[in-house]
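Me: Hi! I'm new to this one and would like a quick tour. Could you walk me through it?

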Amino acid sequence: MFFLTTIADTLRIPPSSFSKGDSPSIVQAINAKYPRKVIMDVGMCIALYDVIEVGSSLIHPADGGAHFEVVFRVVVFKPFVGEVVNGRVSACTKAGIEVSLDFFDSIKIPYYNIFQPNHFDEGNSKGGKDGRWVWDDHKNDEDGDAEREEDAEELAIEVGDLISFVVDSIHFTGKNYSIKGVHTLESTTDSEAGSRKRSQSFDKGMSWEEGNLRKEKNAATTTCEMEILGSIKDDGLGKPEWWEPEDDEDDEDEEEEEDDEEGG
């Protein structure tokens with residue numbers, strides 16, 4: 001889920017930070033740029049781990065800042081496909097369940113990846129995000145048809161619940177703004193293929209405002225987002241208390257052990 005990755009980047013230190021010294025200024029520049037930044041096919045940067053190498057500073061014409069070539073390592077968040085993760089439900093809608101890890105919120109469990117059979121209880125949410133998903137207990141009658149158990153315990157997931165889910169796929173979307181246009185890149189790793197699938201698009205059309213924006217950002221700026229799709233279709237997933245042993249069964253086992261000891 002968490003790992004280290006090495007990054008090489010050119011960082012600009014403004015003249016106002018020269019008095020702090022090179023090392024503190026470089027650390028400050030990294031901490032201002034990279035935490036919560038998503039890198040395509042890598043993951044979301046969490047924090048700086050260490051600085052490996054700092055090159056000589058360069059000052060460009062008409063720019064009073066110092067530019068350093070820096071090699072450093074950062075802690076990155078990206079769970080692997082098939083990993084079981086615990087998170088808290090932030091929304092329940094007809095489309096599925098949204099989960100938050102506090103530091104990362106782009107996690108969705110689509111309706112088709114929720115335990116079967118089920119039904120969505122909208123309650124008083126009226127199309128909002130405060131509904132709940134209910135796992136329906138069924139039994140088979142003599143004809144083999146499934147019927148709802150009237151006395152079955154209701155197993156529901158609602159906003160605020162802690163749940164366990166398995167990572168089904170990880171999806172990256174990125175845009176590179178350059179003087180040539182908008183370059184869009186998508187990458188997905190899923191549990192079925194086990195490999196990345198990429199698609200690219202290039203858009204030469206741009207508005208006057210977009211052209212100025214790219215010019216101000218000096219020819220190339222990349223933004224990227226990461227979304228995780230999860231699943232709770234298998235045993236052991238969902239709310240942890242669903243899979244805890246019942247107290248009655250434990251008491252019966254203890255009584256049987258006591259009877260065996262007395263009989264011996």
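Reply: Happy to! One definition to begin with: strands here are DSSP runs of E with at least two residues, numbered from the N terminus. Also, this is a predicted model.

Me: Good to know. So where does Asp102 lie?

Reply: Asp102 is in the loop that runs between strand E6 (96-100) and E7. Its phi is positive, about 75 degrees, although Asp102 is not a glycine.

Me: And is Asp102 buried or exposed?

Reply: Asp102 is exposed, as its relative accessible area is 73%. The cut-off for exposed is over 50%.

Me: What about Asp41, what's its phi?

Reply: Phi of Asp41 is near 65 degrees, again a positive value in a residue other than glycine. You'll find Asp41 in the loop between strand E2 (38-39) and E3.

Me: Is Asp41 buried or exposed, then?

Reply: Asp41 is buried, with a relative accessible area of 10%. Buried means under 20%, so Asp41 falls in that class.

Me: Changing topic: which residues does the cis peptide bond join?

Reply: Gln116 and Pro117 are joined by a cis peptide bond, with omega at about -5 degrees. Pro117 sits in the loop between strand E7 (107-110) and E8.

Me: Since you mention E8, what order do the strands have in the open sheet of 3 strands?

Reply: The order is E8-E9-E12, and the pairing is antiparallel. Strand E8 (118-121) and strand E12 (155-158) are the edge strands, each pairing on one side only. From one strand to the next, the twist averages 25 degrees.

Me: What do strands of a sheet pair through?

Reply: Strands in a sheet pair through backbone hydrogen bonds, and the pairing can be parallel or antiparallel.

Me: How many bridges are there between E8 and E9?

Reply: E8 and strand E9 (residues 132-135) pair over 4 bridges, in the antiparallel sense.

Me: Can you give me a pair to look for? Which residue in E9 is the bridge partner of Asn118?

Reply: Look for Trp135, the bridge partner of Asn118 in E9.

Me: Last topic, the surface. Which residues form the nonpolar patch?

Reply: That patch is made of Val27, Val51 and Val54, which together have about 180 Å² of accessible area. Val51 belongs to strand E3 (residues 43-54).

Me: How would you class Val51: buried, exposed or partly exposed?

Reply: Val51 is partly exposed, because its relative accessible area of 33% lies between the 20% and 50% cut-offs.

Me: Thanks, that helps a lot!

Key:
Residues numbered from 1 in each chain as written. Predicted model: local features only at pLDDT ≥ 70, side-chain atom pairs only at ≥ 80, totals over all residues. Heavy atoms only, no water. Pairing = 2+ DSSP bridges. Axes fitted to C-alpha atoms, helices over the stretch in contact; angles between N-to-C directions. Patch = residues over 30% accessible without salt bridge, like charges linked within 9 Å, V, L, I, M, F, W, Y side chains within 5 Å. Areas by Shrake-Rupley, 256 points an atom, 1.4 Å probe, with all protein chains shown as cover. Salt bridge = Lys/Arg side-chain N within 4 Å of Asp/Glu carboxyl O. Buried < 20%, exposed > 50% of the residue type's maximum accessible area, 1.4 Å probe, protein only.
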